Amino acid sequence: MTSPPPPPPGPDPGADSTADPCPGPGSLVVLFGATAGALGPDLGSDETDLILLVWQVVEPQSRQVGTLHKSLVRAEAAALSPQCQEASGLSADSLARAEPLDKVLQQFSQLVSRDVALLGGGPYVLCTDGQQLLRQVLHPEASRKNLVLPDTFFSYYDLRREFHMQHPSLSPAKDLTVATMAQDLGLETDATEDDFGVWEVKTMVAVILHLLKGPSSPLFLKPEVIKQKYETGPCSKADVVDSETVVRARGLPWQSSDQDVARFFKGLNIARGGVALCLNAQGRRNGEALIRFVDSEQRDLALQRHKHHMGVRYIEVYKATGEEFVKIAGGTSLEVARFLSREDQVILRLRGLPFSAGPTDVLGFLGPECPVTGGADGLLFVRHPDGRPTGDAFALFACEELAQAALRRHKSMLGKRYIELFRSTAAEVQQVLNRYASSPLLPTLTAPLLPIPFPLAAGTGRDCVRLRGLPYTATIEDILSFLGEAAADIRPHGVHMVLNQQGRPSGDAFIQMTSAERALAAAQRCHKKVMKERYVEVVPCSTEEMSRVLIGGTLGRSGMSPPPCKLPCLSPPTYATFQATPTLIPTETAALYPSSALLSAARVPAAPSPVAYYPGPATQLYMNYTAYYPSPPVSPTTVAYLTTSPAALASAPTSVLSQPGALVRMQGVPYTGGMKDLLSVFQAYQLAPDDYTSLIPVGDPPRTVLQAPKEWVCL
């Protein structure tokens with residue numbers, strides 16, 4: 001629809017006729033659009049297609065206006081929402097006969113250029129009512145349809161902001177509308193105009209002309225800019241990130257890159273290096289990302305894309321904090337900062353490299369057709385704190401084409417190993433390097449273990465219940481929901497999830513209740529109740545029975561059995577001499593060290609109190625591990641241990657037991673290794689006295705526990 005241009009407005013009677021025209025841009029293109037779904041402030045939040053564009057050119061210098069144009073756009077999903085159908089009066093048949101978006105945009109550019117030339121204006125800039133039309137509708141839809149928008153769609157004036165600059169005492173910019181702006185200025189609008197979109201454009205033009213007649217002010221001088229490309233960059237642990245600018249995206253395909261995430265948020269300005277893909281405990285992507293935007297307004301628009309689609313998957317978008325972003329994306333290594341300081345580089349991750357591979361080998365593997373930026377300087381090898389290679393490396397490429405050529409080498413052979421190549425990000429580089437940098441050089445305990453605040457005192461009172469047959473996916477929350485009202489009677493730290501030797505759920509759990517009566521009532525109420533399509537047996541038991549199970553014993557219908565063992569000192573007749581007292585292990589320690597590598601650090605020979613140690617290989621094979629219910633949160637994980645008898649403690653070497661944290665347990669020692677081989681591992685560390693009275697055997701049944709062996713040593 002095209003209407004004839006109105007006559008140029010005459011001079012304002014109240015204004016000085018000799019005044020210079022208001023300075024400003026060459027031309028303004030007032031643009032209005034609508035989708036098949038939500039309107040107003042929710043425009044674009046429902047991911048529906050654009051169906052209408054209405055525009056008109058305004059020449060600020062001469063204050064003339066061009067022809068008003070209206071064009072329908074064919075939508076892939078022609079169904080209109082009731083709100084849109086009522087406001088626009090359009091039908092699916094009329095949209096089916098319209099041109100597709102690429103044709104409409106081509107016509108838009110041609111008509112605007114013609115009108116600007118007729119009015120004698122210069123380069124033009126778009127002017128819209130708010131940010132939604134361009135940021136939430138045009139750019140995301142063009143990205144989904146693989147359309148390249150003209151450069152004119154990457155800058156615009158927000159009429160609400162310009163109005164608020166001249167009238168700051170009125171409503172905030174985000175609360176303004178076309179109607180309220182016209183009302184505040186006292187403009188008369190055509191109330192008989194019922195053509196959808198035409199009234200809005202005419203009113204916006206009237207508001208602009210009124211603003212241009214005002215006193216000289218910096219109006220229409222600094223347009224809003226939409227970033228055309230996501231910029232990568234490093235983040236430091238010392239950076240302070242505003243929590244009002246960060247969101248968390250969940251449900252991403254595992255192969256997604258930072259560019260894919262930036263494309264999902266197309267139209268919104270992401271901060272430099274603001275996409276951080278999250279990794280799980282195994283160093284693989286978990287389908288989540290933290291995104292940092294340039295300001296809070298961009299973050300609020302990003303939250304409106306909740307459950308929008310990336311391919312066939314919908315993505316959940318939630319608020320996040322600046323601390324979470326820095327924890328994921330921040331780093332402290334200068335080497336990583338230098339590696340990531342090169343701008344506009346594509347990062348690839350190489351995994352599975354031979355430990356002997358160097359820069360020359362990697363460059364030769366990639367080949368001359370996909371050169372690495374800077375040669376060897378464009379490679380970053382991931383190493384353990386002691387310098388040993390991990391088999392991972394990162395490489396920089398100057399452009400997407402070179403990165404694509406390198407990705408074709410995925411699973412090609414280097415020596416006798418195939419190499420995996422993936423797209424990576426600056427945040428992933430930081431996470432991988434931080435993960436290895438924080439791992440300990442040697443699995444030692446440097447501080448005495450904390451006193452346990454909730455000991456498992458042995459007792460025959462049946463104030464505990466055992467849950468048997470739990471689904472392997474059951475969590476603490478599932479157990480609390482399963483117990484229902486009985487969950488209120490659980491002692492603090494009273495939920496013990498039993499894990500097997502591989503650290504996986506065993507299907508068993510123990511619950512400490514406040515009394516034996518409460519335990520019996522919970523068992524009667526919940527026995528054989530269904531959890532996730534499986535019935536769960538709930539039976540009362542005592543704390544002593546629970547402790548025996550946690551250290552490897554069994555508790556069946558026929559009674560309790562001790563842990564299976566072969567050593568005479570741990571045979572069933574003498575099993576009762578060992579007190580089952582678990583030792584508290586801090587959360588940080590439990591996360592870094594395997595449970596089988598932990599020994600008590602506080603050993604004082606003057607005190608005859610028992611000392612925690614490993615009784616022998618047989619019991620180690622059957623030891624169960626438990627995870628406590630976090631009450632309060634971040635409670636430690638505990639492991640049940642056996643303790644020494646006073647007689648065994650009396651023969652312990654005084655030189656070792658008097659030094660807290662002086663013991664290290666070594667695992668995976670070669671069978672052919674001797675004393676010299678083991679001592680060479682600790683050549684950079686201060687050893688115990690040369691008489692080797694501090695050497696303790698592990699796994700040597702003929703010797704007593706605290707004798708010094710001749711071949712196997714542990715410092």
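Is Arg 518 buried, partly exposed or exposed, and what is its relative accessible area? In this predicted model, Arg 518 is partly exposed, with a relative accessible area of 45%. Its side chain forms a salt bridge with Asp 489, in which the closest N and O atoms lie 3.9 Å apart. The two residues are 29 positions apart and belong to distant parts of the chain: Arg 518 sits in helix 16 (residues 516-526), and Asp 489 in the loop between helix 15 (476-483) and strand 22 (490-499). Asp 489 has a relative accessible area of 18% and counts as buried, because the cut-off for that class is under 20%.

In the whole structure, 26 salt bridges were found. Another of them joins Asp 49 to Arg 144, with 3.4 Å between the closest N and O atoms. This pair also links distant parts of the chain, the residues being 95 apart; Asp 49 lies in the loop between strand 2 (27-35) and strand 3 (50-59), whereas Arg 144 belongs to helix 4 (residues 132-144). Asp 49 is buried, at 11% relative accessible area, while Arg 144 is partly exposed, at 38%. Both residues take part in a network of salt bridges that also includes Glu 141 and Lys 145.

A further salt bridge connects the side chains of Asp 386 and Arg 388, with an N to O distance of 2.7 Å. Asp 386 is partly exposed, with a relative accessibility of 39%. Arg 388 is likewise partly exposed, with a relative accessible area of 45%.

Turning to the strands, an open sheet is formed by five of them in the order 11-12-10-14-13, with antiparallel pairing. Strand 11 (270-279) and strand 13 (308-310) are the edge strands, each pairing on one side only. From one strand to the next, the twist averages 30°. Within this sheet, strand 10 (residues 246-250) pairs with strand 12 (residues 285-293) in the antiparallel sense, over five bridges. Ala 249 has Ala 289 of strand 12 as its bridge partner.

Two helices lie across strands of the sheet. Helix 9 (residues 296-303) lies across strand 10, strand 12 and strand 14 (313-319), and runs at about 140° to strand 14. Helix 10 (residues 322-329) lies across strand 10, strand 11 and strand 12, with an angle of about 70° to strand 11.

Notes
Residues are numbered from 1 along each chain as its sequence is written. This is a predicted model: local features need pLDDT of at least 70, side-chain atom pairs count only at pLDDT 80 or more; totals for chains, interfaces and linings use all residues. Side-chain values use heavy atoms; hydrogens and water are left out. Two strands pair if DSSP finds at least two bridges between them. Helices (H or I, at least four residues) and strands (E, at least two) are DSSP runs, numbered from the N terminus. Axes are lines fitted to C-alpha atoms, for helices over the stretch in contact, and angles run from 0 to 180 degrees between N-to-C directions. Contact means heavy atoms within 4.5 Å. A salt bridge is a side-chain nitrogen of Lys or Arg within 4 Å of a carboxyl oxygen of Asp or Glu. Buried means under 20% relative accessible area, exposed over 50%, partly exposed in between (1.4 Å probe, protein chains only).
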